[in-house]
Amino acid sequence: MEEEYQVASVEQQAQRYWQEHQSFKVKENLSKEKFYCLCMFPYPSGQLHMGHVRNYTIGDVIARYQRMLGKEVLQPMGWDAFGLPAENAALKHQVSPAAWTHQNIDQMRAQFKRLGFAYDWSRELKTCDPDYYRWEQWLFTRLYRKGLAYKKNATVNWDPVDQTVLANEQVVDGRGWRSGALVERREISQWFIKITDYAEELLRDLDKLEGWPQQVITMQRNWIGFSKGVSVHFKVVDSKQNLQVYTTRPDTLMGVTYIAIAAEHPLAQQQAADHPELKAFIESCANTQVSEAALATMEKKGMVTGLVAIHPLTQEPLPIWVANFVLMDYGSGAIMSVPAHDQRDFEFAKAYDLTIKTVIQPPAGEPWDYSQGAYTEPGILINSGEFDQLGSAQACEMIAQKLENQGKGEQQTHYRLRDWGVSRQRYWGTPIPIIHCPDCGPVAVPDDQLPVRLPEDVTLTEPGSPLANIPEFYHTTCPKCGQPATRETDTFDTFVESSWYYTRYACPDQTKSMLDDRTNYWAPVDQYVGGIEHAVMHLLYARFFHKLLRDENLVNSNEPFINLLTQGMVLKDGAKMSKSKGNVVAPLPLIEKYGADTVRLFIIFASPPDQSLEWSDSAVEGCHRFLKRLWQFSHTQQTSIMQLNKSDATVHFNWTNTTTETQKYRHTIHQILNQANKDISRLQLNTVVSAAMKLLNYLQKIPTETADYPYLIHEGLTFLLSILAPITPHICHALWSELAFANTIIHSKWPRAAHEALKISEVEWVIQVNGKKRATIVAAPDADEENLLQLVHQNEKAQHALQEMTILKCIRVPGKLLNIVAR
Ligand SMILES: [Zn+2]
């Protein structure tokens with residue numbers, strides 16, 4: 001073996017070995033326990049960044065560890081290949097989005113291979129592949145027939161210059177991110193999938209996700225947003241229409257001082273006909289964004305309609321306003337405004353000088369200081385007639401009851417969750433498999449006409465989708481009546497592809513059906529790893545799709561991901577790495593300089609997987625030095641270890657016949673291994689590296705003249721290489737083979753500490769008196785108080801410290817310390 005660590009050749013040889021032996025290709029094996037380890041698949045931007053390296057290294061360490069535990073481990077990789085960046089790049093560089101995407105995939109695949117990830121590349125999938133998206137189209141046609149997919153008008157952000165719909169994140173300060181034009185709110189017809197039908201189950205099953213971070217569960221719970229409330233009816237003067245307003249705070253009903261309706265509300269539209277000013281205001285509302293975040297922070301504007309509603313209990317007249325922050329999409333497009341107890345209503349009332357009526361008082365009875373804003377917590381009712389002095393909870397019930405008795409309202413439960421709008425007016429996505437017929441309406445594309453292929457050789461010359469300008473694509477015939485018809489030219493939101501990809505990895509070559517029995521062997525995913533930014537959308541949609549697949553009898557489980565790990569960010573100088581901050585560390589040059597193992601080791605060592613990681617060049621250097629030291633130490637031990645390995649002597653070696661000193665060394669080696677085992681089983685991966693470092697230091701310190709030294713080192717190195725193998729697989733592969741250990745390290749078993757080595761007959765106990773160290777004694781690690789006190793009484797120093805004192809009690813830390821409280 002080489003005396004020095006030759007990174008490049010070590011890594012090339014290991015990778016070549018894995019490739020030639022197809023080491024990570026797996027098949028269903030009913031005689032073994034399976035483990036499905038999956039990292040969220042990347043968008044193929046073409047450039048690997050440090051966030052990727054972290055995400056995929058963590059997943060790889062888990063997969064390799066599980067494999068050493070003797071499980072059949074599936075770890076696949078693929079590409080979330082549709083999406084807007086390809087269209088933007090295509091516009092910029094005049095290439096087709098398809099060509100750009102495929103080139104990026106090739107580039108990133110090579111980078112992944114360079115990092116030595118243990119992927120079953122035979123299962124690689126790309127969501128832009130018609131063999132993949134055809135099954136998504138197939139599923140959608142089934143959802144459509146079941147009534148779980150439907151079309152309706154919805155409000156979108158419209159860029160009037162680029163003539164395109166914008167995603168919320170493409171609206172910057174109310175303007176289109178490319179054109180800079182003021183974004184308009186527009187109603188267009190779009191496809192939806194009925195996730196609301198599953199809201200209750202999605203909420204309920206969160207309780208079963210014991211392997212998920214609490215934070216993610218909470219975010220999903222809030223997103224689904226279950227509430228109990230009342231739908232209150234407000235009569236409108238001189239109108240046959242009633243306004244239906246949903247509120248979760250009926251206890252504040254007596255504090256309503258005005259009603260706010262959406263610009264699109266029929267009552268507003270009706271009033272605008274004779275009021276040019278109101279009409280102009282309603283039109284200006286079209287320029288506001290539709291995201292909830294934007295609605296919460298934008299300037300609240302409104303105009304009085306001249307219409308008056310009647311309070312259902314007091315009969316008081318309430319002015320009706322049009323307000324820019326009320327959306328038709330949410331609830332009924334009308335809200336009851338309680339400015340004293342809702343911050344948004346409060347700001348609006350202040351801006352337009354509307355009445356603010358206090359009806360809830362803080363429970364302590366202190367008057368609320370309205371210069372701080374609205375009082376939004378529950379409390380005690382005041383100014384509420386017969387409900388005065390009631391607590392909020394009781395008042396909610398009584399007011400709801402009274403409304404119901406008078407036919408002026410109903411108790412309801414609501415979900416904040418809305419149906420999932422999956423239509424995108426984009427080119428680079430899965431075509432929605434629907435044909436529009438003038439007579440039959442929307443018709444699902446029949447199975448034998450799937451996939452509906454996206455035309456790939458297009459050159460984009462302007463933003464927006466060219467599909468509506470490609471007659472070869474949209475001209476077709478109606479599958480029902482045979483007359484000329486047109487295809488849907490919208491494509492799916494790319495979140496649709498990422499909602500079921502994990503099931504398809506189990507059977508990527510299946511051409512007859514979406515999934516097969518193999519999916520039920522591998523799914524659900526045992527360990528899913530990805531960023532917290534996907535806590536809501538991706539993870540909720542995937543859970544939803546899993547239930548849809550179950551209800552189509554395609555999977556037999558209820559949830560897709562048993563355990564979830566959300567890895568922390570990679571920071572440099574305390575900030576997230578980003579081009580705009582100029583603090584990006586590119587992984588490739590580092591891999592070139594130090595090797596993949598050093599980068600992997602640093603990434604794992606620098607922080608626990610779920611915490612953010614601060615980049616440090618010197619720590620990377622330190623990791624590299626550690627690997628060099630590991631190599632050099634192995635080199636010095638090579639002859640004796642090889643001899644032992646060739647003779648099988650270690651198998652028959654009897655540790656009980658060796659010296660106490662040797663047994664003490666062995667005890668520590670096994671203790672370190674035991675700690676590493678505990679840490680890795682709870683994914684505390686950084687301290688597994690600490691254990692490895694500690695172990696190497698310890699082995700280097702054992703005097704060579706110690707009895708049975710070669711055996712100690714042999715065992716120690718076996719443990720050391722094994723616990724490092726998932727983290728730095730290349731160097732461990734090389735050293736394992738250079739030292740002539742049996743087989744290859746990826747086929748070896750994860751080591752366990754020997755019970756008899758962990759057990760030690762006596763340890764040193766620290767004896768404290770009233771918290772001060774007074775003596776040390778030698779006793780069994782599990783010695784009880786009585787035992788210990790006997791020894792304390794025989795110890796001169798301890799006796800001296802306890803002179804003329806009475807022992808009140810003892811505090812015992814097993815194997816370490818006895819603190820005697822005495823007076
Ligand atoms: Zn037809």
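1. In strand S26, Gln-527 is the bridge partner of Cys-37. Strand S1 (residues 34-39) and strand S26 (residues 525-531) pair in the parallel sense over three bridges; two strands pair if DSSP finds at least two bridges between them. Helices (H or I, at least four residues) and strands (E, at least two) are DSSP runs, numbered from the N terminus.

2. This is a predicted model, in which local features need pLDDT of at least 70, side-chain atom pairs count only at pLDDT 80 or more, and totals for chains, interfaces and linings use all residues. Residues are numbered from 1 along each chain as its sequence is written, and side-chain values use heavy atoms, with hydrogens and water left out.

3. S1 and S26 belong to an open sheet of four strands in the order S2-S1-S26-S27, with parallel pairing. Strand S2 (72-74) and strand S27 (561-567) are at the edges with a single partner strand each, so one side of each has no neighbour in the sheet.

4. Helix H2 (residues 50-68) is mostly covered, with 18 of its 19 residues buried (under 20% relative accessible area, 1.4 Å probe, protein chains only). Just after H2, Gly-70 takes a positive phi of about 95°.

5. Elsewhere, strand S31 (residues 763-769) has five of its seven residues buried. S31 pairs with strand S32 (residues 772-779) in the antiparallel sense over seven bridges, and Val-769 stands opposite Lys-772 in S32. The two strands form a hairpin with two residues between them, and Asn-770 in the turn has a positive phi of about 50°.

6. S31 also runs parallel to strand S34 (residues 817-822), joined by four bridges. Here Val-766 has Leu-817 as its bridge partner in S34.

Methods
Buried means under 20% relative accessible area, exposed over 50%, partly exposed in between (1.4 Å probe, protein chains only).
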